[in-house]
Amino acid sequence: LLDREVSRRSFAMAEAYDYDLFVIGGGSGGLAAVKQAADLGGKVAVADFVKPSPQGTTWGLGGTCVNVGCIPKKLMHISALYREIQSDAHGIGWETKSSHSWDNMIQAVNNYIKSLNWGSKTDLRTKGVKYYNSYATFVDPHTLSLDNGKGKVEKVTAKNILIACGGRPSYGDVPGTKECCISSDDIFWQKKAPGKTLVIGASYIALECAGFMAGFGFDVTVMVRSILLRGFDQDIAGMIGDYMEGHGVKFAREMVPSKFEKMPNGQVKVYVKDAEYGIYDTVLMAIGRTGCAGLLNLEAAGVPYNKSGKVECNDEDQTCVPHIYAIGDVIEGKPELTPVAIQAGKLLCKRLFGGSKKKMDYMDVATAVFTPLEYGAVGYSEEDAKKKLGKDRVKVYHATAQPLEWNLNHERKNDLGYMKLVCDVEEKEKVVGVHITGPNAGEIIQGLSVALRCGVTKEHFDDCVGIHPTYAESYTTMSEVKVEGAALPTKGGC
């Protein structure tokens, strides 16, 4: 009788809420979480609503990565690379003449994105997940208000709530920014070719966008306040900047805009220190991103957020309110990467609904920057290794190399790829950081990231027999130790 009464009360408590789990945000992490929870028997729902950018751009279900991030960025990066690939092909016998159509590319990319949007909706329906195309805000710790933007507002309750709303581009406070500039929310849906473009910022988003636009032949300038790729290995950042300058991208260093003005013909006049700097067809702001936590009325739930629009979580992705969780770009201090959000969301729901105890491991997550000279990295940068371990414990091996096909292209004579292994000498030269620039760097670092997480040492690399002729085989023959101030190693490769 006692067991039956406990069961009855538990059932009544569950029935007191509309859902076992409600997810705010239909991006990669939110969708992964809600589908995992549904697979494990949870009664779940997700709300996703895209407020238009200042320029009026909006998109469908799937979040930043699918609509205005990784997917369109990588497709445009690949498209831009074909210009250099054709130049490489000329050196090995091909005569190629072709032109690029911005209109055709945008249409093809956008159609593909829409197919992904449709696929996400179909997945939710198949798994029995309730999808609300509504903007969710907190009413109290267990209650959400859902506004569909068309006059319908409803309330739902949930036992657990997951914040997976991600972030949006920051615009800063320079006069005229929102009236005159676009962001990464707009560039991938822009029907009109960008023309002469000024990119403001030095983040990976700024350099990736500048890189593919220059690859299509547009006049591109990047305005940089201080350093390139803050938070990444600075040797590599400098090499990427040099490569981009050598391939047509201009850099305006130690400079910030002071004002933007829209001209009658639609162009933008840019001012620096209140003096006219130049006139551009497109100005792209890429100075960072702000989390959307501040837009959810979290005060009503008792969850604080910082000025960056992010929330603090413990090692179980739990906020200070035990039944409210967060994953992805909205968490303070965690990697802002799609696969991280996906993994964290799945693991969280396995703990909530599947009895798992496994937590998300945020250390040693590999990443890639899709600049014209691609960059892959996992583990510590050289700078971070020295800060964390101490300079005396860090030993760096490095090498330069050229992919085989570059050697037959006279326009590539100054182009080099670079590889670096950051090692801890007190742990038998355990590798704590791996870095590479060159073609398909993302593909290469994905494999090496597994080795690093398994505790690979420099000796393991030395004992590994390389595949010849490949670019990545230089990792297995790397012998030169980096010395501060010394020149780069002599070019390797085939």
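This is a predicted model: local features need pLDDT of at least 70, side-chain atom pairs count only at pLDDT 80 or more; totals for chains, interfaces and linings use all residues.
Which residues in helix 2 meet which residues in helix 10?

**View 1. Helix 2 against helix 10.** Here we're looking at residues 28-39 (helix 2) and residues 338-354 (helix 10), whose axes come within 7 Å. On the helix 2 side, the contact is made by S28, G29, A32, A33, Q36 and A37. They meet T338, A341, I342, G345, K346, C349, K350 and F353 in helix 10. Sort the residues of this contact by type and you get 7 nonpolar, 5 polar and 2 charged.

**View 2. How helix 2 and helix 10 cross.** Two numbers describe a pair of packed helices: the angle between their axes and the distance between the axes. For helix 2 and helix 10, the crossing angle is roughly 25°. Angles under 35 degrees count as roughly parallel, so that's what we call helix 2 and helix 10. The crossing is right-handed.

View 3. Strand 4 (residues 135-140) pairs with strand 5 (residues 143-147) in the antiparallel sense, with 5 bridges.

**View 4. K310, a lysine in a loop.** K310 sits in the loop that runs between strand 15 (289-291) and strand 16 (324-326). Is K310 buried or exposed? K310 counts as buried, because its relative accessibility is 9%, and the cut-off for buried is under 20%. Leaving out residues up to four places away in sequence, K310 touches G291, A293, Y305, D329, V330, I331, E332 and E336.

Note on methods:
Residues are numbered from 1 along each chain as its sequence is written. Side-chain values use heavy atoms; hydrogens and water are left out. Helices (H or I, at least four residues) and strands (E, at least two) are DSSP runs, numbered from the N terminus. Buried means under 20% relative accessible area, exposed over 50%, partly exposed in between (1.4 Å probe, protein chains only). Contact means heavy atoms within 4.5 Å. Axes are lines fitted to C-alpha atoms, for helices over the stretch in contact, and angles run from 0 to 180 degrees between N-to-C directions. Angles under 35 degrees count as roughly parallel, over 145 as roughly antiparallel, 65 to 115 as roughly perpendicular and the rest as oblique. A crossing is left-handed if the near helix is turned anticlockwise from the far one by less than a right angle, and right-handed if clockwise. Ala, Val, Leu, Ile, Met, Phe, Trp, Tyr, Cys and Pro count as nonpolar, Asp, Glu, Lys and Arg as charged, and the others, Gly among them, as polar. Two strands pair if DSSP finds at least two bridges between them.
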